[in-house]
Amino acid sequence: MFKKLDIVDEKDSVLRNVSKEATFPLSQDEKKLIQQMIDHLTYSQIEEYEKKYNLRPGMGLAFPQLGINKRIIVIVHEVEENTFDNYVFINPVIISNSEEIIAAEAGEGCLSVNREVEGHVPRYARVTVEGYDEDGNQIRVRAREDLAIAFQHEIDHLNGILFYDRIDKNKQFYGEHEIRLI
């Protein structure tokens, strides 16, 4: 049975805290919550379920967005229509990044920010992220383009940073000759 998550709004100060490292083994409640996050994100990206459950589309969530101060993120990346790769990272760290900077042309959104925010968010085009899976095994992924943006966005949540903090107040938008827009 699908249960819509109660996602914390940007006004809640919990989103500005630096999260604590998660410890192993994960509790059954934490594992259950991770599965609920995967379900919520998956359904939010399938039009039929998005409408049925009144969901805002999203591809990532971090535990702080659920009011929990732990370094756990979930990304559900649509690789082709209604086919998804799930990424669950415990205590994720970006260990390397490209020099190339990109931004989502339409800007970024966030399930905790219930309003439109204008501006490009500069991000690395490629990142390598290390962390642990739900069983405590070390994992690593090399992410590109929109997946790289998602990892950076979710890891920012673990550090109390919201995407609009990264928009340059003096230059909200970039031209294609300045950074690559995707």
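Student: Which side chain does Arg123 meet in a salt bridge?

Tutor: Asp156, at 2.8 Å, N to O. A salt bridge here is a side-chain nitrogen of Lys or Arg within 4 Å of a carboxyl oxygen of Asp or Glu. Bear in mind that this is a predicted model: local features need pLDDT of at least 70, side-chain atom pairs count only at pLDDT 80 or more, and totals for chains, interfaces and linings use all residues. Residues are numbered from 1 along each chain as its sequence is written, and side-chain values use heavy atoms, with hydrogens and water left out.

Student: Where do Arg123 and Asp156 sit?

Tutor: Arg123 is in strand β5 (residues 123–124) and Asp156 is in helix α3. They are 33 residues apart, so the pair links distant parts of the chain. Helices (H or I, at least four residues) and strands (E, at least two) are DSSP runs, numbered from the N terminus.

Student: Are Arg123 and Asp156 buried or exposed?

Tutor: Both are buried. Buried means under 20% relative accessible area, exposed over 50%, partly exposed in between (1.4 Å probe, protein chains only).

Student: And Lys51, what does it pair with?

Tutor: Glu47, with the closest N and O atoms 3.1 Å apart. Both lie in helix α2 (residues 47–52), four residues apart, about one turn of the helix. Lys51 and Glu47 are both exposed.

Student: What about Glu21 and Arg71?

Tutor: Their side chains form a salt bridge at 4.0 Å, N to O. Glu21 lies in the segment before α1 (28–44), and Arg71 in the loop between β1 (60–62) and β2, 50 residues apart. Glu21 is exposed at 53% relative accessible area, whereas Arg71 is buried at 10%.

Student: How many salt bridges in the whole structure?

Tutor: The search finds 15. Glu100, Arg126, Glu145 and Arg180 are linked in a network of them.

Student: Switching topic. What is the volume of the largest pocket?

Tutor: About 550 Å³. On a 1 Å grid over the protein atoms alone, a pocket is an open set of points where a 1.4 Å probe fits, with protein on both sides within 12 Å along at least five of seven lines. The volume is the space filled by probe spheres set on the points, which are joined across faces, edges and corners.

Student: Which residues lie nearest its centre?

Tutor: Pro57, Gly58, Met59, Gly60 and Gly109, out of 22 lining residues. Lining residues have an atom within 4 Å of a point.

Student: Which element gives the most to that lining?

Tutor: α3, with five residues.
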